[in-house]
Amino acid sequence: MATDTKHPVDQEDVYAVEDSDRAEVDSQTDVLRAAGIGIHEDDPTEPILTLRMWILGIGFCIVASGLNTLYTLRKPSITISSSVTLLLAYPLGKLWEKTIPSWNVNFGVWKFNLNPGPFNQKEHVLVYIMSNLSIYVRLGADVLTEQQMFYGYKAGWGFQILITLGTFLVGFCLAGFFRSVVVTPKELLWPGVLSTTSLTTTLHNI
């Protein structure tokens, strides 16, 4: 007759695992707080999609993508990184905050304020995201330039616009497909983003 035998579980091993998990969570929390994440509670009343954000974001998109594409054709090439736009956007946003009057403007069915208040961190991050995406437009320009210089293929404006949009849209689609895997889980940390969050938190809380 067979008897069930159960191996006793060492309580010290269980506590050691729990302490290890707790230490890992605490370490992750410390890293996030050092990067400026979770320090202040979110204020849902802060204006985000403001005229100031759109003008600064589109302006940096045009300037950064244009200069990067132009400088790609020279040796040695010069690249305007997203960190440069992140730093330049802050004084320009604060200058807008101090100089532009707070007037309400009606534009058809839209109504917006020229100066809705202090230049906040959410506006700053959106300007950074817009300019960061535009910086990589030069990668599409590299493809078009190499096609023309090395293979003699001269594409029209329609093809150039479509291939540039296509490369970005494919990236957006892949990001959307894998959002639940690489974006949503709190356990995943992207070290390249922590410096950005740390800098924006420091600038807007000093």
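Residues are numbered from 1 along each chain as its sequence is written, and because the model is predicted, local features need pLDDT of at least 70 and side-chain atom pairs count only at pLDDT 80 or more. Totals for chains, interfaces and linings use all residues, while side-chain values use heavy atoms, with hydrogens and water left out.

The chain contains 8 helices and 2 strands; here helices (H or I, at least four residues) and strands (E, at least two) are DSSP runs, numbered from the N terminus. In sequence order, the pattern is α-α-α-β-β-α-α-α-α-α. Of the 206 residues, 24% count as buried, where buried means under 20% relative accessible area, exposed means over 50%, and partly exposed lies in between (1.4 Å probe, protein chains only). Contact is defined as heavy atoms within 4.5 Å. Among contacts between residues at least 6 apart in sequence, 74% join residues at least 24 apart.

The unreviewed UniProt entry lists residues 51-71, 125-145 and 157-178 under "transmembrane region". UniProt positions are given in the numbering used here, feature names are shortened, and annotations may be inferred rather than shown by experiment. In the model, residues 51-71 are 100% helix and 0% strand, with the end C-alpha atoms 30 Å apart. Residues 157-178 are 95% helix and 0% strand, and their end C-alpha atoms are separated by 32 Å.

H3 has 18 residues and reaches 26 Å from its first C-alpha to its last, close to the expected 26 Å; the expected span of a helix is 1.5 Å times one less than its number of residues. Its buried residues are Ser82, Thr85, Leu86, Ala89, Tyr90, Gly93, Trp96 and Glu97, and the elements covering them include H2, H4 and H8.

Two packed helices are described by the angle between their axes and the distance between the axes. On the H3 side, the contact is made by Ser82, Thr85, Leu86, Ala89 and Tyr90; H4 contributes His124, Val127, Tyr128, Ser131, Asn132 and Ile135. These residues divide into 6 nonpolar, 5 polar and no charged, where Ala, Val, Leu, Ile, Met, Phe, Trp, Tyr, Cys and Pro count as nonpolar, Asp, Glu, Lys and Arg as charged, and the others, Gly among them, as polar.

Leu86 belongs to helix H3 and counts as buried because its relative accessible area is 2%. Neighbours within four places in sequence aside, Leu86 is in contact with His124, Tyr128, Thr196, Leu199 and Thr200. Of these, His124 and Tyr128 are among the H4 residues that contact H3, whereas Thr196 and Thr200 are among the buried residues of H8. Helix H8 (residues 191-204) has 14 residues and reaches 21 Å between its first and last C-alpha atoms, close to the 20 Å expected.

Phe60 lies in helix H2 (residues 51-72) and is buried because its relative accessibility is 11%. Beyond neighbours within four places in sequence, its contacts are Ser65, Thr85, Leu88, Ala89, Leu92, Val127, Ser131 and Ser134. Phe60 and Ser134 are 74 residues apart in sequence, yet their C-alpha atoms are 8.4 Å apart in space.

Ile48 is placed in the loop between helix H1 (11-34) and H2. Ile48 counts as partly exposed because its relative accessible area is 32%. Residues up to four places away in sequence aside, Ile48 touches Met53, Lys122, Glu123 and Leu126. The C-alpha atoms of Ile48 and Val125 are separated by 9.8 Å, although the two residues are 77 apart along the chain.
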